[in-house]
Amino acid sequence: MKKARAFLEEKGAAYAFHDYKTAGIDRKRLEGWIGAVGWEPLLNKAGTTFKKLPDADRADLTQEKAIALMLAQPSMIKRPVLEKDGGILVGFKPADYEAFIA
């Protein structure tokens, strides 16, 4: 998150920050992101929140199951998510951000 915010500030790109880890996320927005990139890139399987889930919750993941997990515990959503003009990027890679904000 820090690198992404610093990058945007360095480039003079205006942005609004939404901390969905504390403020949550609504189903409509999450489903919109999933429609754009799929649920797999959004679900942070490497994070401690996901790893602490019972095996039954981590097994046999489907889109609906992933949505339920991310809505219940937004810290399972990979960060950052950058939205612009209906498109989104998940994660931070400077070259991708450069092309996306151009």
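User: Let's take rings of Phe, Tyr and Trp as paired if their centres lie within 6.5 Å. How many aromatic pairs does that rule give?

Analyst: The count is four aromatic pairs. Keep in mind that this is a predicted model. One of the pairs is Phe7 with Phe92. Their centres are 5.8 Å apart, with 65 degrees between the planes, and the pair is edge-to-face.

User: Why does the pair of Phe7 and Phe92 tie together parts that are apart in sequence?

Analyst: Phe7 sits in helix H1, while Phe92 sits in the loop between S2 and H7, so the contact joins parts 85 residues apart in sequence.

User: Phe92 and Tyr97: what is the geometry of that pair?

Analyst: The ring centres of Phe92 and Tyr97 are 4.7 Å apart. Their planes are at 80 degrees, and edge-to-face means over 60. So this pair is edge-to-face.

User: Where does Tyr97 fall, buried or exposed? And what about Phe7 and Phe92?

Analyst: Tyr97 is buried, at 2% relative accessible area. Phe7 is buried too, at 10%. Phe92 comes out as partly exposed, at 25%. The cut-off for buried is under 20%.

User: Switching to strands. How do S1 and S2 pair?

Analyst: They are antiparallel, with four bridges. S1 covers residues 81-84 and S2 covers residues 87-90. Val81 stands opposite Val90 in S2.

User: Which residue in that hairpin takes a positive phi?

Analyst: Asp85, with phi near 50 degrees. The hairpin has two residues between its strands. Asp85 is not a glycine. Its relative accessibility is 76%, so Asp85 counts as exposed.

User: Where else is there a positive phi without a glycine?

Analyst: Asp60 has one, at about 50 degrees. Asp60 lies in the loop between helix H5 (55-58) and H6. With a relative accessible area of 70%, Asp60 is exposed. For context, most residues other than glycine have a negative phi, and most peptide bonds are trans.

User: Which peptide bond is cis?

Analyst: The one from Arg79 to Pro80, with omega near -10 degrees. Pro80 is in the loop between H6 and S1. Ile77 is found in that loop between H6 and S1 as well. Ile77 is buried, with a relative accessible area of 1%.

User: How far is Ile77 from Glu98?

Analyst: They are 23 Å apart in space, C-alpha to C-alpha, and 21 residues apart in sequence.

User: What classes make up the lining?

Analyst: There are 16 nonpolar residues, seven charged and one polar.

User: Last thing. What is the mean pLDDT of the protein? Which element has the lowest?

Analyst: The mean is 93, and 100% of the residues reach 70 or more. H2 has the lowest mean among the elements, at 84. Helix H6 (residues 63-72) has the highest, at 96.

Note on methods
Residues are numbered from 1 along each chain as its sequence is written. This is a predicted model: local features need pLDDT of at least 70, side-chain atom pairs count only at pLDDT 80 or more; totals for chains, interfaces and linings use all residues. Side-chain values use heavy atoms; hydrogens and water are left out. Two strands pair if DSSP finds at least two bridges between them. Ala, Val, Leu, Ile, Met, Phe, Trp, Tyr, Cys and Pro count as nonpolar, Asp, Glu, Lys and Arg as charged, and the others, Gly among them, as polar. pLDDT is the predictor's confidence in each residue, from 0 to 100. Rings of Phe, Tyr and Trp (its six-membered ring) pair if their centres lie within 6.5 Å; planes under 30 degrees apart count as stacked, over 60 as edge-to-face and the rest as tilted. Buried means under 20% relative accessible area, exposed over 50%, partly exposed in between (1.4 Å probe, protein chains only).
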